[in-house]
Amino acid sequence: MKLTDLPDEFIKATPIIEKIEQAGFEAYFVGGSVRDIILNQKINDVDIATSAFPEEIQQIFPKTIDVGIEHGTVLVLFQDEQYEITTFRTESTYQDYRRPDEVTFVRSLEEDLKRRDFTMNALAMGKNGEIIDLFNGIEAINNKQIVAVGNPSERFHEDALRMMRGLRFSSQLNFEIEEKTKEAIKEHHALLGKISVERIYIEFIKLLTANYRNQGLNTMIETRCFEYCPGLQTKEKELKALTLISNQSIFETEELAWLILMYVLNIDNPKSFLKKWKSSNKLMSHIEACLNELRHREKHEWDILRLYESGPEVISDVEKARLLLGLDSNEESSLQQYNELPIKSIGDLAITGKDILQSLDQKPGPWLGKLLKQIEKSVVLGKIPNTKEVLIQAALTFKEENE
């Protein structure tokens, strides 16, 4: 098979391959970028594999960075672009189910390709568009199947994360996992317990935010891989309920994916749940606020104070989630209400704590924070205008009322 009209990403990288070939070595485009061009999908990174060893690549190109030289990868800086050039390699046994005990550089493209995860990713392409398909990857693509290279059990023992990658690809490409490959995932899914949460996190979020999410989720349930995802071990029924949400309702962001997942799974403590996934504190706080408001919106419309306290990011995600869940949603009008608020934070008040202390001739204390909150609430609700003179008078009045 030979491709014509190669995308610009490949054309711009062609001089790299030509320089390597001029030095007497082989070089090919490999992996996901070759798969994606066949699928007519957007090209992300263009990866190049070569028979040249890392130190030989460094001699060919004047500007390089050692990004993973122990594994054969050198970053080449060329015409304002960066390209990862990786030496053909084979790998030894895997003691921890994710990293090889030893990497051996080789001169054979076939040896390099046969260690890859799935046949659709074991493709190579020459600079002229000629596809090298040693493991029937094009057939798998045409059949919309995800097929392990060689023995699937061996591939998953080498790197157990490949099982999650298979599920993720299923969600992104709307491909079925071929039966033998799927059976191997069922048999070895417990190996995911050897993989770090951070690596599973990345694949799981890509799965949830993909266009064919339910394809991956259904297979994840069937193969029992969910049992080795934090907080999902006892949630089979709820995960099946999640698959009832149409793929047309795309979870476009990580935040929406987690929010809808935890809403459908009825998670009581979102921070505790996300902590198991080693999420950032920022994400945990945002999802907790969104989940509280999403549940409140089951029976109530937004009121002024909740809009103010939530802020535009929470408001937007809550209303987007309602829309994806098939519920009435009014994101535009809710955000408009928020934008019309007289202040957006306590820092927008026309007075400060210092102003109050000076005007009332008082010393600081807990009373001051309570007073500022009272003033803040009154301004938000439109009971008093946000002008310094009025707020000073309100402070005096509130102080007297609270004594």
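Author: We shall take domains, salt bridges, a helix and annotated positions in turn. Please keep in mind that this is a predicted model.

Reader: How many residues does each side give to the contact between domain 2 and domain 3?

Author: Domain 2 contributes 21 residues to the contact and domain 3 contributes 20 residues. The area buried between domain 2 and domain 3 is about 1,800 Å², with 75% of it on carbon and sulfur atoms. On the side of domain 2, the residues that lose the most area to domain 3 are Y201, P230 and I250, which together make up 28% of what that side buries.

Reader: What is the count of salt bridges and of residue pairs in polar contact between domain 2 and domain 3?

Author: There is one salt bridge between domain 2 and domain 3, and there are six residue pairs in polar contact. Two elements of domain 2, α9 (197–208) and α11 (236–242), each give two or more residues to the side that touches domain 3. The largest share of that side, seven residues, comes from α9.

Reader: I turn now to salt bridges. How many are there by the rule applied here?

Author: The rule asks for a side-chain nitrogen of Lys or Arg within 4 Å of a carboxyl oxygen of Asp or Glu. By that rule the count is 27 salt bridges. One of them joins E81 and K12, whose closest N and O atoms are 2.7 Å apart. E81 belongs to strand β5 (residues 81–87) and K12 to helix α1 (residues 8–22), so this pair ties together parts that are 69 residues apart in sequence.

Reader: Are E81 and K12 buried, exposed or partly exposed?

Author: Relative accessibility is the value to consult. E81 is partly exposed because its relative accessibility is 30%, and K12 is partly exposed because its value is 44%.

Reader: Which elements does the salt bridge between E222 and K186 tie together?

Author: In this salt bridge, the closest N and O atoms of E222 and K186 are 3.4 Å apart. E222 lies in helix α10 (residues 213–222) and K186 in helix α8 (residues 179–188), so parts 36 residues apart in sequence are tied together. E222, at 37% relative accessibility, is partly exposed, and K186, with a relative accessible area of 27%, is partly exposed.

Reader: Where do R297 and E319 lie in the chain?

Author: R297 and E319 form a salt bridge in which the closest N and O atoms are 2.9 Å apart. R297 is in the loop between α14 (281–296) and α15 (304–324), while E319 is in helix α15, 22 residues apart. R297 is buried because its relative accessibility is 4%; E319 is buried because its value is 0%. Elsewhere, salt bridges that share partners join E154, R155, E158 and R162 into one network.

Reader: How should I read a helix, taking α17 as the case? Which of its residues are buried?

Author: An α-helix has 3.6 residues a turn, so residues three or four places apart point the same way. In helix α17 (residues 353–360), the buried residues are G353, D355, I356, L357 and L360. These buried residues pack against α18 (366–380) and α19 (388–402). After α17 comes D361, with a positive phi near 55°.

Reader: Finally, which residues does the UniProt annotation "binding site" cover?

Author: An annotation comes from a record, and the surroundings of its positions can be read from the model. The unreviewed UniProt entry places "binding site" on G32, R35, R116, D159, R162, R165 and R168. R35 is found in helix α2 (residues 32–38) and is buried because its relative accessible area is 8%. Leaving out residues up to four places away in sequence, R35 touches M120, N121, L123, I141, F169 and L173.

Reader: What does R165 contact, on the same terms?

Author: R165 lies in helix α7 (residues 161–173) and is partly exposed, at 22% relative accessibility. Apart from neighbours within four places in sequence, R165 is in contact with D117, F118, N121 and E203.

Key:
Residues numbered from 1 in each chain as written. Predicted model: local features only at pLDDT ≥ 70, side-chain atom pairs only at ≥ 80, totals over all residues. Heavy atoms only, no water. UniProt positions renumbered as here; feature names shortened; annotations may be inferred. Helix = DSSP H or I, 4+ residues; strand = E, 2+ residues; numbered from the N terminus. Buried < 20%, exposed > 50% of the residue type's maximum accessible area, 1.4 Å probe, protein only. Contact = heavy atoms within 4.5 Å. Buried area = accessible area lost by both parts, 1.4 Å probe. Polar contact = N/O pair within 3.5 Å; in protein donor to acceptor, adjacent residues only side chain to side chain.
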